[in-house]
Amino acid sequence: MAEHQEAKKDEAKPADGAAAAAKPKSKLPLGPILAVVLLIGGGVGLGMFLKGMLLGDKPMSQAEKEKAEKTAKEADHHEESLLHSATEVNMGELLSNVRNQGGRRYIKMNLSLWLNKEAAAPFAGGGGEHGGGGGGGDEIKRILQASLEEHLKGYDLEELTDPNIYRTLDRGFRALIEKDLHELISTPADKPLVSRVVITNLLVQ
């Protein structure tokens, strides 16, 4: 019985050898293929790694340091010059209906203007929002508020919900305020009056 089983094992060996011989052998070496895949897949990361090995971490040059410091100082100077050359005028809350919505939707926001000293002078000591105390500054403010709210009626819902609405409103408000202020106070027509437009709490409902 043991001899019979041994014979079966011996008979199976040639078949196994034939199956192994029939299995196709890879003609391409695996090592170079993996190297190419890693090279392509590594891309920029590999390039940066090799650059770091060859060049090392390059410290910032003196010229680059001076340029960075100059940029930071210019930014600080701009903010400082704004505080010294301009005055903030709070326009209060603006409220307007949204165009083509049948009065069902509205937009509101708070608005502040940074005006040069000459343009801001009439507002000194003036009243608050939509009314307030007397004086020329309050009257100019009411005119501006009415003009800006009328301007808002020209925007539809799609424009007001666009991601760039702040930039759009800034551009429209700035041009309108410059025009109205030059008409309301005696200043040269080519002299800029608005240094900054600040829109906050914008809500469309």
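This is a predicted model: local features need pLDDT of at least 70, side-chain atom pairs count only at pLDDT 80 or more; totals for chains, interfaces and linings use all residues.

Biologist: In what sense do β1 and β2 pair, and over how many bridges?

Modeller: The two strands, β1 and β2, pair in the antiparallel sense, and their pairing runs over 11 bridges.

Biologist: And what about β2 and β3, how many bridges there?

Modeller: There are eight bridges between β2 and β3, again in the antiparallel sense, and as one example S112 stands opposite V198 in β3.

Biologist: How many of the residues of β2 are buried?

Modeller: Eight of its 11 residues are buried, so β2 is largely enclosed by the rest of the structure.

Biologist: Which residues have the most contacts inside the largest nonpolar core?

Modeller: That core has 29 residues, and those with the most contacts inside it are M109, L111, L115, L152, L169, F173 and L181. Two or more residues come from each of β1, β2, α4, α5, α7 and β3, and α7 gives the most, with six residues. As a general background, nonpolar side chains tend to be buried together in soluble globular proteins.

Biologist: Pick L152, then. What does it touch?

Modeller: Leaving aside residues up to four places away in sequence, L152 touches L94, S96, N97, I107, M109, L169 and F173.

Biologist: Let's go to α7. How many residues does it have, and how far does it reach?

Modeller: Helix α7 covers residues 165–184, which is 20 residues, and it reaches 28 Å from its first C-alpha to its last, close to the 28 Å expected at 1.5 Å a residue. Its buried residues include I165, L169, F173 and L181, but also E178, D180 and H182.

Biologist: Changing topic: is Q145 buried or exposed?

Modeller: Q145, which is found in helix α5, counts as buried because its relative accessibility is 2%, under the 20% cut-off. The side chain of Q145 reaches the backbone oxygen of M91 at 2.6 Å.

Biologist: And the loops? Where is A121 placed?

Modeller: A121 sits in the loop between α4 and α5, and at 48% relative accessibility it counts as partly exposed. A121 and G137 are 16 residues apart in sequence, while their C-alpha atoms are 8.1 Å apart in space.

Biologist: Last one: what is phi of N100 near?

Modeller: Phi of N100 is near 65°, a positive value in a residue other than glycine. N100 lies in the loop between β1 and β2 and is exposed, with a relative accessible area of 65%. N201 has a positive phi too, of about 55°, although it is not a glycine; N201 lies in strand β3 and is exposed, with a relative accessible area of 57%.

Note on methods:
Residues are numbered from 1 along each chain as its sequence is written. Side-chain values use heavy atoms; hydrogens and water are left out. Helices (H or I, at least four residues) and strands (E, at least two) are DSSP runs, numbered from the N terminus. The expected span of a helix is 1.5 Å times one less than its number of residues. Buried means under 20% relative accessible area, exposed over 50%, partly exposed in between (1.4 Å probe, protein chains only). A polar contact is a pair of N or O atoms within 3.5 Å; within protein, one must be able to donate a hydrogen and the other to accept it, and residues adjacent in sequence count only if both atoms are side-chain atoms. A nonpolar core is a set of buried Ala, Val, Leu, Ile, Met, Phe, Trp, Tyr and Cys residues joined through side-chain atoms within 4.5 Å. Contact means heavy atoms within 4.5 Å. Two strands pair if DSSP finds at least two bridges between them.
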